[in-house]
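Work through the exercises below with the sequence and the 3D view open. Try each task before reading its solution.

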Amino acid sequence: MPTVLEELQRTSDAAEIWWDSSPLDFPGWCDRHLATAPDASTRERWREQLHRFLCPATPELSLARGVTTNPSLVAQSVLASPESWRNDIRQLIRSQASPDVASTFSLLYEEALRRAAREMLPMWEASEGRYGWVSGQLDPRHMFDTDLMLEQALSIARIAPNLMVKVPGTAQGYAAIRQLVARGISVNSTLSYTVPQFVACAEAVEAGLLKAKADGVDTGRWRAVFTHMIGRFGANTDLRHEAAIRDIELSQTDLRWAEVAILKRIHTLIRENGHPVKPLLSSLEVDDPALGSATLSMHLEQSAGGTVAYTCKPRFIADVMLRESELPAFDARAIEEEVPADVLEKLNWLPSFQRAYAPDGMRPQEFCHYGSFISTYSEVMGNTRKLIDFVAHQFQAAALSARPLQLI
């Protein structure tokens, strides 16, 4: 039987399923998930489903067509296998004439991206660059400095031909995107939650493509995606606060409609204006019947039939597999359905929704002040610090006696 995600893929030839973690983590996660199966028949059914989910060595069999990573995911991957990575870090230290924590952290991060890209390269080559991309995100500590982002982005792009540089949705990030696209480098605009961010991204991409064309740069294997962190939009506590002080009852379903409304408007702008950017949905969620939800996942059901990519974190895949029997048939025209008028009217009372939904609701300088951006930025920075500290600890452990370090 086809899985939920396979059924979703069938609603549109332009739909894509991606894996939201390193491809090297997939086999281990599969084993752990299969161990949770309630019985032998379920375990075998899940095994068959997962066997055809991510198969980069045999691209024609693989449902998943790309991979997203970020500093948080890289940190989780490294910290989940500390013994293995300790040896690698020590080799990286020995490979440098004057090693320090900063340079070793950068080499470690690049090595994690290199391994992921190498795993997906057969798919990239078989599809002539259409699929098999791996998103390598820039250091979050640089997201307000265009020059530093550009420098790191060029370094990441040189690692492998199927590495797509993941750039934050800040004013400085869009300036970097413009320069990267002009060089023919594929990009993924991340930390994105709003229509104004999409507009800024599309403008940067199109300006970059014009420059590339003028300079004779080959963009034949170039791609751009816009990561709409859909579940993180509704998790923005500003929405509930604004509803509460206005005596507006905001249900979980209303919040899902708010998230979907952003996507639908972005999808409409792409269709009407031909922007060369595909929306990539991340932070996907299943819906909780205990909170009044009547759907398995509104994120999937209301986007069906669209020119949309979906990057699925392990927990989301597990949750969908557990509840796959609850899914009604997908409507291949769902992406074109309008948000209920009464829900949209309610949401438009909320300033945080208005700013996110209107194409001119925010200036680029304001993107980093938006609630969803702030919470994600804090999380990514925290995980980056954990990975830096892991590297720092290897320096201390390798010393004759532990001593304080000047960290980065």
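**Exercise 1: the largest pocket**

Helix α4 (residues 71-80) supplies the largest share of the lining of the largest pocket, 7 residues. The model is a predicted one.

Task. Find the volume of the largest pocket, the residues closest to its centre and the make-up of its lining by class.

Solution.
Step 1. The volume of the largest pocket is about 830 Å³.
Step 2. The lining consists of 44 residues, and those closest to the centre are Asp20, Ser21, Ser72, Leu73 and Gln76.
Step 3. Sorted by class, the lining of this pocket holds 16 nonpolar, 18 polar and 10 charged residues.

**Exercise 2: the second largest pocket**

Task. State which helix gives the most residues to the lining of the second largest pocket, and which residues are closest to the centre of this pocket.

Solution.
Step 1. The second largest pocket has about 300 Å³ of space.
Step 2. Its lining has 17 residues, with Ser106, Asp139, Arg141, His142 and Gln152 closest to the centre.
Step 3. At least two lining residues come from each of α6 (101-126), α7 (146-157) and α17 (371-398).
Step 4. The helix that gives the most is α6, with 5 residues.
Step 5. By class, 8 lining residues of the second largest pocket are nonpolar, 5 polar and 4 charged.

**Exercise 3: the cavity**

Task. Count the cavities of 30 Å³ or more and describe the lining of the largest cavity.

Solution.
Step 1. With the cut-off at 30 Å³ or more, the count is 1 cavity.
Step 2. The largest cavity contains about 120 Å³ of space.
Step 3. It is lined by 13 residues, and Thr3, Leu5, Gln49, Ile317 and Met321 are the closest to its centre.
Step 4. Two or more lining residues come from each of α1 (4-10), α3 (40-51) and α14 (314-322).
Step 5. The lining of the largest cavity is made up of 8 nonpolar, 2 polar and 3 charged residues.

**Exercise 4: the barrel**

Task. Give the strand order of the barrel, then look at how β2 pairs with β3.

Solution.
Step 1. The barrel is closed by 8 strands in the order β1-β2-β3-β4-β5-β6-β7-β8, with parallel pairing.
Step 2. From one strand to the next, the twist averages 30°.
Step 3. Strands β2 (residues 64-68) and β3 (residues 133-137) are paired in the parallel sense over 3 bridges.
Step 4. Opposite Gly66 stands Trp133 in β3.
Step 5. Helix α7 packs on the sheet and touches β3 and β4 (163-168), and its direction makes about 160° with that of β4.

Notes: Residues numbered from 1 in each chain as written. Predicted model: local features only at pLDDT ≥ 70, side-chain atom pairs only at ≥ 80, totals over all residues. Heavy atoms only, no water. 1 Å grid on protein atoms, 1.4 Å probe; cavity = no way out; pocket = protein on both sides within 12 Å on 5 of 7 lines; lining within 4 Å. Points joined across faces, edges and corners; volume = space filled by probe spheres on them. Helix = DSSP H or I, 4+ residues; strand = E, 2+ residues; numbered from the N terminus. Nonpolar A, V, L, I, M, F, W, Y, C, P; charged D, E, K, R; others polar. Pairing = 2+ DSSP bridges. Axes fitted to C-alpha atoms, helices over the stretch in contact; angles between N-to-C directions. Contact = heavy atoms within 4.5 Å.
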